Amino acid sequence: SLQNVGFIGLGNMGSRMVNNLIKAGYRVTVHDINRDVMKMFTEMGVSARGTPYEVAQDSEVVITMLPSSSHAMDVYTGTNGLLREGNAIRPALLIDSSTIDPQTTRKISLAVSNCNLKEKRENWEKPVMLDAPVSGGVLAAEAGTLTFMVGGPEEAYLAARPILQSMGTTSIYCGGSGNGSAAKICNNLAMAVSMLGTSEALALGQSLGISASTLTQVLNTSSGRCWSSDKYNPVPGVMKGVPSSRDYNGGFASKLMAKDLNLAAASAEEVGHKSTLISKAQEIYKNMCEDGHETEDFSCVFRHFYNGKDE
Ligand code: NAD
């Protein structure tokens, strides 16, 4: 069984995911370049290591939860990276949960499949990498209710499932390497565009004289209904407990949305896909960030882009 789990990237998401792994009884070893967060974990009695390489030496499984593609590449293939001893590494399973582009995922996966295992395992010739980005955000990470979308060999997915289940409620197998990343990028593209559509409709409604609460009630019982209208309404005062009701604090930062749209744009370009809405959404969220709203939740487009009014 895979009981020794290394975890790298203890930020907003990672730190909470680690807590759930520990609760589920895994023996966890952590690393982050941020010393303060490392200190927090050592004070809790969790073993911490100075480099990804050292984490790998102690782990049968390693999970990474890093900001973006370059960080993931570095943690895997850098000087003191997970794959430093490529001809004999300890972890059999490497799971990257960062939101990165499928092309980078596939490069890392190839590098992993070129490595060998230090200790042979039954039915397990080579180390395997899964891309397993998540949907759900910080609250779901805390509650252990994330959704994982997973790419890579199916047997490895099945072996990883108990570990994923300790941090999430749902995991969906999406196919070969990079397909988890692709799913994540496409999901966030749909979310970016539907948030803009919902905000535009609610702002236009107000200009036409219908309150956002009333129009939301209509949308949510009609064909305009979506997550942005019924779970994450962008108009302050329409819904309790969402970022719009606390001045767009917390939630999913505009800069992260802009980052994910950049990934969608780059991936679309690479495969020659026509991307009308990606470019438009990318432009809007980029402007939002440049106007100083980069740390606000992305639903702030309602106020700052559409100049919508509070309820
Ligand atoms: P974060 O910036 O809070 O955390 C990233 C952590 O990685 C930081 O603690 C940082 O110090 C560490 N790090 C950076 N480079 C490193 C390196 N080379 N070695 C070791 N540690 C390093 O980010 P987050 O909000 O936790 O998000 C992580 C990933 O999950 C991102 O790809 C993000 O897009 C994705 N994601 C985030 C959310 C969300 O709501 N925050 C939701 C779904 C997916």
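Which residues surrounding the ligand are the closest? In this predicted model, local features need pLDDT of at least 70 and side-chain atom pairs count only at pLDDT 80 or more, while totals for chains, interfaces and linings use all residues. Residues are numbered from 1 along each chain as its sequence is written.

The ligand is surrounded by 26 residues, and the closest are Gly11, Asn12, Met13, Thr99 and Gly137; a residue is near a molecule if its C-beta atom, placed from the backbone, lies within 6 Å of it. Two or more residues of this shell come from each of helix H4 (69-77) and helix H6 (137-143), and H4 gives the most, with three. Helices here are DSSP runs of H or I with at least four residues, strands are E runs of at least two, and both are numbered from the N terminus. The shell divides into 13 nonpolar, eleven polar and two charged residues, where Ala, Val, Leu, Ile, Met, Phe, Trp, Tyr, Cys and Pro count as nonpolar, Asp, Glu, Lys and Arg as charged, and the others, Gly among them, as polar.

Turning to the overall layout, the chain is divided into domain 1 (4-176) and domain 2 (182-304), with bounds from an automatic or database domain assignment. Their C-alpha centres lie 30 Å apart. The contact between them takes ten residues from domain 1 and 13 residues from domain 2, a contact being C-beta atoms, placed from the backbone, within 7 Å. On the domain 1 side, four of these residues are nonpolar, five polar and one charged.

The unreviewed UniProt entry annotates residues 4-175 as "domain: 6-phosphogluconate dehydrogenase NADP-binding", a span that is 38% helix and 23% strand, with its end C-alpha atoms 26 Å apart. The UniProt record also places "domain: 3-hydroxyisobutyrate dehydrogenase-like NAD-binding" (unreviewed entry) at residues 178-303. There the chain is 63% helix and 0% strand, and the end C-alpha atoms are 35 Å apart.

Leaving aside residues up to four places away in sequence, Ala192 touches Met257, Leu261, Ala281 and Tyr285.

Notes
Contact = placed C-beta atoms within 7 Å. UniProt positions renumbered as here; feature names shortened; annotations may be inferred.
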